[in-house]
Amino acid sequence: NPEIKYNESTKRFASQRVSKIISESVSNYTILDVSESVKNAKNAFTETSLDVYPLYVVFFNSETFFNKLTRIATKSVYSHSALSFDASMKTLYSFSFPGGFQAQSLKDRTSDKAIQVYAVFVSKERYNKLKQKIEKLKESHADYSLINLITIPLNINYVDNVKMVCSQFVDSMLKLADVDITKIGSNMVSPGSLNRAVKKKKYQA
């Protein structure tokens, strides 16, 4: 809440509240909507008293022509998704056109009208597993999948685990951490379907 002063007392309170939510979760992961906290540069959600680590799933609404087409085709408010390991969003990982797999920053996305951020808390083992996967992708120079721009809206099951679109990448990374929220193959996931699936699983932070 932007009206609440951010100091050590409120930071501890936020951290304790996140820990309480996670400890009460009945699944092996917990999802929090932390859009306002990240927007106001508050990092309390990165700190809990439990041995869990946050992955940040970020959704973007951009006004570029390419992204407008993506929103229309996938019937979504958001046209792009990415994954980050830090609340500052200094480094965002995703597949983009052109370029394929790449690391970006919020500073690179000046055309975005709105973003939505969710923190997915997972175990240290799963967190490190994803970081190792990121390092392998950096070495692979994987391309963007233009074919999936057609197959996903048409609900065609086309499998390519090397070339991907943004939502396919994010969903496949979550599945690698045993967080299956879409319940379909990652090659069938659009930014819209991923966003709707995350919303259904979240707590409001």
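Okay, so when I say buried, I mean under 20% relative accessible area, with exposed over 50% and partly exposed in between, using a 1.4 Å probe and protein chains only. What you're looking at is a predicted model, where local features need pLDDT of at least 70, side-chain atom pairs count only at pLDDT 80 or more, and totals for chains, interfaces and linings use all residues. Residues are numbered from 1 along each chain as its sequence is written, and side-chain values use heavy atoms, leaving out hydrogens and water.

On to the rings. Searching the whole structure turns up 10 aromatic pairs. To pair, rings of Phe, Tyr or Trp (its six-membered ring) need centres within 6.5 Å; planes under 30 degrees apart are stacked, over 60 edge-to-face, and the rest tilted.

Take F59 and Y78: they make a tilted pair, 6.0 Å centre to centre with 50° between the planes. F59 sits in strand β2 (residues 52-62), while Y78 is in the loop between α3 (65-74) and β3 (80-84), 19 residues apart. Helices here are DSSP runs of H or I, at least four residues, and strands are E runs of at least two, numbered from the N terminus. F59 has 0% relative accessibility, so F59 is buried, and Y78, at 11%, counts as buried too.

Next, F101 and F169. Their ring centres are 5.7 Å apart with planes at 65°, so that pair is edge-to-face. F101 is in strand β5 (residues 100-104) and F169 in helix α6 (residues 166-176), so the pair ties together parts 68 residues apart in sequence. Both F101 and F169 are buried.

Those two also belong to one aromatic cluster with Y53, F85, Y93, F95 and Y127.
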